[in-house]
Amino acid sequence: MLTKNVKKILRKLSSSDTVLDIGGWAAPFNRANYVLDILPYETRGIHGYYGPEKEYFSKETWVIHDVSNKKPLPFGDKKIDFVVCSQILEDIRDPIHLCSE
């Protein structure tokens with residue numbers, strides 16, 4: 001993700017917004033409250049991170065989920081205020097399905 005885009009997103013978010021990073025394993029967006037990826041929390045960040053140094057997500061809010069299987073995302077309607085998909089759409093067969101979620 002470009003630094004200017006990270007700054008733009010951070011300016012638009014309020015402290016009460018719930019943020020989801022889908023596919024953020026290699027370089028998570030630290031402002032995300034939830035990260036959804038197929039790989040585990042313990043191996044995150046091999047390419048660094050985006051956003052603030054502090055991680056807003058935790059091991060408990062790191063959700064292991066394969067977005068290629070077309071199962072619904074494990075979040076209720078209107079639970080998430082903002083979604084980041086900066087490192088995943090190019091890696092899956094049906095990005096339209098994921099975006100429709």
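Modeller: Two strands count as paired if DSSP finds at least two bridges between them. The model is a predicted one, and in it an open sheet of 4 strands has the order β3-β2-β1-β4, with parallel pairing.

Colleague: What makes β1 and β4 a pair?

Modeller: The criterion is at least two bridges. Strand β1, residues 19-22, is joined to β4 over 3 bridges in the parallel sense, so the pair meets the criterion.

Colleague: Why are β3 and β4 called edge strands?

Modeller: Each of them, β3 (62-64) and β4 (82-84), pairs on one side only. From one strand to the next, the twist averages 20 degrees.

Colleague: Why does Gly23 count as buried?

Modeller: The cut-off for buried is under 20% relative accessible area. Gly23 has 8% relative accessibility, and therefore counts as buried. Gly23 lies in the loop between β1 and β2 (34-37). Leaving aside neighbours within four places in sequence, Gly23 is in contact with Leu36, Asp37, Gln87 and Ile88. In β2 itself, Tyr34 and Leu36 point one way, Val35 and Asp37 the other way, and all are buried.

Colleague: What makes a set of residues a nonpolar core, and which residues have the most contacts inside the largest one?

Modeller: The members must be buried residues of the nonpolar kinds, joined through side-chain atoms within 4.5 Å. The largest such core has 15 residues, and Phe29 and Trp62 have the most contacts inside it. Apart from it lies another core, of 12 residues, among them Tyr34, Val67, Leu73 and Ile88. Setting aside residues up to four places away in sequence, Phe29 touches residues including Met1, Leu13, Tyr50, Phe57 and Val84.

Colleague: Which residues lie nearest the centre of the largest pocket, and what makes a residue part of its lining?

Modeller: A lining residue has an atom within 4 Å of a pocket point. The lining comprises 15 residues, of which Leu20, Leu73, Ile80, Val83 and Glu101 lie nearest the centre. Two or more lining residues come from each of β1, β4 and α2 (95-100). The space in this pocket is about 260 Å³.

Methods. Residues numbered from 1 in each chain as written. Predicted model: local features only at pLDDT ≥ 70, side-chain atom pairs only at ≥ 80, totals over all residues. Heavy atoms only, no water. Buried < 20%, exposed > 50% of the residue type's maximum accessible area, 1.4 Å probe, protein only. Contact = heavy atoms within 4.5 Å. Axes fitted to C-alpha atoms, helices over the stretch in contact; angles between N-to-C directions. 1 Å grid on protein atoms, 1.4 Å probe; cavity = no way out; pocket = protein on both sides within 12 Å on 5 of 7 lines; lining within 4 Å. Points joined across faces, edges and corners; volume = space filled by probe spheres on them.
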